[in-house]
Amino acid sequence: MPLLEKDEALAMSDQKLSVNEYLKTDSNYLRGTIEEGLDTSLTGSFSEGDQQLIKFHGFYQQDDRDLRNERKEQKLEPLYSFMLRARVAGGVCTPKQWLGVDKIATNLTSSNSIRLTTRQTFQYHGIPKRNLKTLIQDLDKEALDSIAACGDVNRNVMCNPNPVESRLHQQAFYWAKKLSDNYLPRTKAYAEIWLGDDKVAVSEGDEVEPVYGKTYLPRKFKMAVAVPPDNDVDVYTNDLGFVAVAEAGELIGFNMVAGGGMGSTHGEVATFPRLGDDFGFIQAQDCLKFAEAVLKVQRDWGNRSDRKQSRLKYTIVKHGFEAFKAEVEKRAGIKFEPKRDVVIGDRGDRYGWIKGVDDQWHLTLFIEGGRIKDLPGQPLQTGLREIALVHKGDFRMTSNQNIIIAGVAEADKAQIEAIARSHGLMGKLISETRGHSIACVALPTCALAMAEAERYFPDFLTKVEALQEKHGFLDQGIVIRMTGCPNGCARPFAAEIGLVGKAPGRYNLYLGASFEGTRLNKLYRENIQEAEILSELDALFARYVSERETDETFGNFTVRVGVVKAVLDAARDFHG
Amino acid sequence: MLLKELSSLASPLSQGQVDKLKQLTAELSAVQLAWVGGYLSATAQLGASTGSVESTPEQTITILYGSQTGNGRGVASELAEKALAQGYAVNLVSMADYKVRQLKQETLLLAVVSTHGEGEAPDDAIELHKFLASKRAPSLENLHYSVLALGDSSYEFFCQTGKDFEQRLAALGAKSIVPLTECDVDYEAAASTWQQNVLEAVKPLISAASASVVSISSVTSATSSAFTKQKPYSAELLVSQKLTGRDSDRDVRHVEIDLGESGLSYQVGDALGVWFTNSADLVNEIIEQLSLDGATQVTLGDETLSLNQALTEKRELTQLYPGLVQNWAQLSGDEALLALSEDREQTRQFVLNHQLADLVAQYPVDITAFQLVELLRPITPRLYSIASSQSEVESEVHLTVALVEDQRNGTSRFGGASQFLATADEGAEVKVYVEPNNHFRLPENPETPVIMIGPGTGVAPFRAFMQERAVQGATGESWLFFGNPHFEQDFLYQTEWQQYLNDGSLTRLDSAFSRDQAHKIYVQHRITERGEALWQWLENGAHLYICGDAERMAKDVHQALLEVVKQFGGKDDEQAAAYLEALRSDKRYQKDVY
């Protein structure tokens, strides 16, 4: 933007826009100087501005934090690499695509692994800058991309991957895919920079991005489609959620939910996690009209001065639910109908074989930490490759960082299972708690992490399992989630036991969320270490087994007996 | 009075004498001029009025040296000192600074020259070497000469350049006073004998008149110090910091040494000679394998010390040489080793890939402690291109040292000096001296652009160059070509280059990381890619520097430069070669290769 316009924009707004807003404006629809950055072999990093823009292309700049000090002494810059997240609507991909994804991990990343994420996609860690272009081109050959997998846009759209109710799932997935495709940025920057498409002159005005405009959204935007009773997608934690409503096994519409989001900042009470509000029922065919209306209201009303106040949840809190709802109805040209009754149930995955209504079999494999890698005695990556070579159905990534081998004919079951067992993908006993729990990536690659998560979580869970066993309820699942920071990739504030990193070895302990993900948790103990966490849990577990009511979940128990107060209105209660 | 104003009207000289004087002075270097000044005034004072200017050269011994590592210069300087001590007039000059046209006026020439790679002349000697072989070479019937050749007998063309000099001088009619002396890597004793012999041989050739002529200020005096190769300074090691990342295949160190109050000074481009001790593990391994006792007293020259100490401090253990292999073959009586030692090429390969400890392990011999130390060469210091500028680091000197490590049947064999430097503790004593390299110097004009090509540890002197130029506030542009196997692991001094680029003191940096993609990319490929810009820099007067591997890199880079000159300078093969040759003789193309 020319200087004058910037000044005008400043003069018009009460507050100075955040730096990212200028970056977006000046980026020529997300091009920035990314190409120049790719050309220099002096550094493995991108310029500061481009580091923000590359997120819109699906990847983040990271560095190995374990090596920072060592490399400084070696007169070497930090060991930069990139984390690229693919866009895989609903987490579904074919065996052929999986083989491509697998090959890329082996050939082009230093982590030699595939990381399944909490948003039903996969990401690569440890991509050197020089490999980015080849990697994106190789993804393109598999009809996959990373456009808008990160950045201030609508990100990967989640959808319940349950293949059992195959017809209903197909209908829900149809809308998830529509939402994903419709709100993809239209800029040709990705194709030009990464795929070598011819450069086209960019016209001024908003015709390039009819929904987003030149400055896109004020902040990231997440959508999910849930198919009750499953709530594996944690629909209330999304900016915009669609809860499928079915009649006689046919999708008729959705209960729309908006205003959820996990991210917050330690010590800043103006920031808080929030679960989405129920807005009411909409007809299936009106799905896109409402989605676009919500996106546009957020585009126009969202806070562009303070990125810590710019998610949709703050926009709704600031303007009030009714005003926001009215504006959405006005822009959609349709009114919400009263919310339909649906039962929201389990957020976990159903491990092992399940037979679907169409007589096809589906195998859900537990992948600890979502990390698909060849480990000693557990060649997980090889195992999935072997499966992909013979599998005729598809792969479905779940929002719990697991994978489903979906659509296996009765006759092929044994072969798939044999491969899974011989590669350590199947056969280990997974406790209910472990099966319901997730951790984010955190150290050493994530720049935001303050403490360990993925690397430490398995051992931590083993200790929790021992406590559960001691108190005699190991057969009951507790949703435990751990993140290295309060940005919430593993949705820790919607966990019955949430652990959010504060410093190496230190976590905030949150309690009181519902098992189904319909109520947030609340801070119970601050900045404590493992021994203290375990002793707190030991005491709470003792009390739980003696005082719980029939079928009462751990999260509900901690609220009922007053260990923590229930968080019903996040803005009021989370810090209150 | 300026030389151009000199005429017969303004001086007591005839016009013919003026012309001759002008012609002579035009050919002389600054050092030579200074010497001539001293010589003439001394001659006048002595009242030797009978000696004419024309006859002066007859009284002078010209000592020429051409070498890459400083050994040749060392031998030549020693000879000059001895000659001066005996009262001779001496003109000590590097072959690089020698005006070839002066050759026909010489009467006594002593040459020390080394041989490199596949029988090539060292850079200093290229021009003179070529001149002697050319049609322009004059008849040298009035010349007496002797040549000392330095070489490494593990190479096929051992002492080839020395042999060429000998052969050409003889062919041009010059008379040998002492036959060609060929020295192997353990050159000291042979060189000393040669020095004595030539000084004996020149006696009858030099007239008494010149016997009391003044001494000269030799090239070395400008940089000489109290500390020399023979009398090194005991410095303190400050830092030995690994520069390569943890996943690198190689271990390259940044070494900082404190020169303390020594007063040792160096210029950027110089090398540091480093004495080292052999590792205790290696010494023990050899002693144990040979069933010797480390405490056994042995005599070396006029010194008696334990075998352990002799092997640790006095003897070369990490570099084999063909003579030792031959002797070892005889001692062991091993058929295979005997056969190998009789084949030059096989021996050469063998000494490159083995150490004494390998010989000891594979070919057992019965040997006494004394025999062993007698058989081994004296330990010699290693030279490292200095990686710092004193204008930046003051009394420190920095080196960039690659730890030489080879695996042999699961055992690591290390380079002697590099292991010493890589494993030395902070505060350890390191014996050092400065080895000047006058043929690797920044341009005098700070505005002159420089192109620096230094892959691997060859980047060391360019760190010194950048420090020097940054402190100078030099405005000349600079361009660095760097290469190594992996970007993430092996980008030596990466953050420093980034800093120099950010603050503008380094203009460009092109890097080549050979193993980061399927096909290998080296610095010469970058030179080719950037040919057009590089040609522009050369045409704008840039000085060109190459440091690093002589065997392959320097040759490949030279070839790439030839192609650049051909393509962008519109020249044919011969013209391109002449262009680079002209750069070299203008001191705009300098190499520090090894």
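Helices (H or I, at least four residues) and strands (E, at least two) are DSSP runs, numbered from the N terminus. Everything here comes from a predicted model, where local features need pLDDT of at least 70, side-chain atom pairs count only at pLDDT 80 or more, and totals for chains, interfaces and linings use all residues. Residues are numbered from 1 along each chain as its sequence is written, while chains are lettered from A and ligands numbered from 1 in the order in which they are written.

View 1. Helix 11 (residues 312–319) of chain A is mostly covered, with six of its eight residues buried. Buried here means that 20 or more other C-beta atoms lie within 10 Å of the residue's own; 12 or fewer makes a residue exposed, anything in between is partly exposed, and C-beta atoms are placed from the backbone. The buried set is A:Leu312, A:Lys313, A:Tyr314, A:Thr315, A:Ile316 and A:Val317. These residues pack against strand 9 (250–258), strand 10 (277–283), helix 10 (287–301), helix 12 (321–332) and helix 19 (570–573) of chain A.

**View 2. Four annotated cysteines in chain A.** An unreviewed UniProt entry carries a "binding site" annotation on A:Cys440, A:Cys446, A:Cys485 and A:Cys489. They span 50 residues in sequence, yet no two of their C-alpha atoms are more than 11.1 Å apart, so they gather at one spot. UniProt positions follow the numbering used here, feature names are shortened, and annotations may be inferred rather than shown by experiment.

**View 3. A closer look at A:Cys485 and A:Cys489.** A:Cys485 sits in the loop between strand 19 (480–483) and strand 20 (497–503) of chain A, and A:Cys489 is in the loop between strand 19 and strand 20 of chain A too. A:Cys485 counts as buried because it has 23 C-beta neighbours inside 10 Å; A:Cys489 is buried, with 23 other C-beta atoms within 10 Å. Leaving out residues up to four places away in sequence, A:Cys485 touches A:Leu448, A:Ala449, A:Met450 and A:Gly501. With that same exclusion, A:Cys489 touches A:Thr118, A:Cys440 and A:Thr483. Two residues are in contact if their C-beta atoms, placed from the backbone, lie within 7 Å.

**View 4. Helix 13 against helix 14 in chain A.** The axes of helix 13 (residues 380–390) and helix 14 (residues 413–422) of chain A come within 9 Å and cross at roughly 165°. That makes helix 13 of chain A roughly antiparallel to helix 14 of chain A (over 145 degrees; under 35 is roughly parallel, 65 to 115 roughly perpendicular and the rest oblique). Axes are lines fitted to C-alpha atoms, for helices over the stretch in contact, and angles run from 0 to 180 degrees between N-to-C directions. Helix 13 of chain A brings A:Gly383, A:Glu386, A:Ile387 and A:Val390 to the contact, and helix 14 of chain A brings A:Gln415, A:Ile416, A:Ile419 and A:Ala420.

**View 5. Helix 3 against helix 6 in chain B.** Helix 3 (residues 71–85) and helix 6 (residues 188–202) of chain B pack at about 35°, with their axes 10 Å apart. The contact takes in B:Val75, B:Glu78, B:Leu79, B:Lys82 and B:Ala83 of helix 3 of chain B, plus B:Ala191, B:Gln195 and B:Leu199 of helix 6 of chain B.

**View 6. Where chain B meets chain A.** Here 19 residues of chain B are in contact with 14 residues of chain A. On the chain B side, helix 18 of chain B gives the largest share, five residues.
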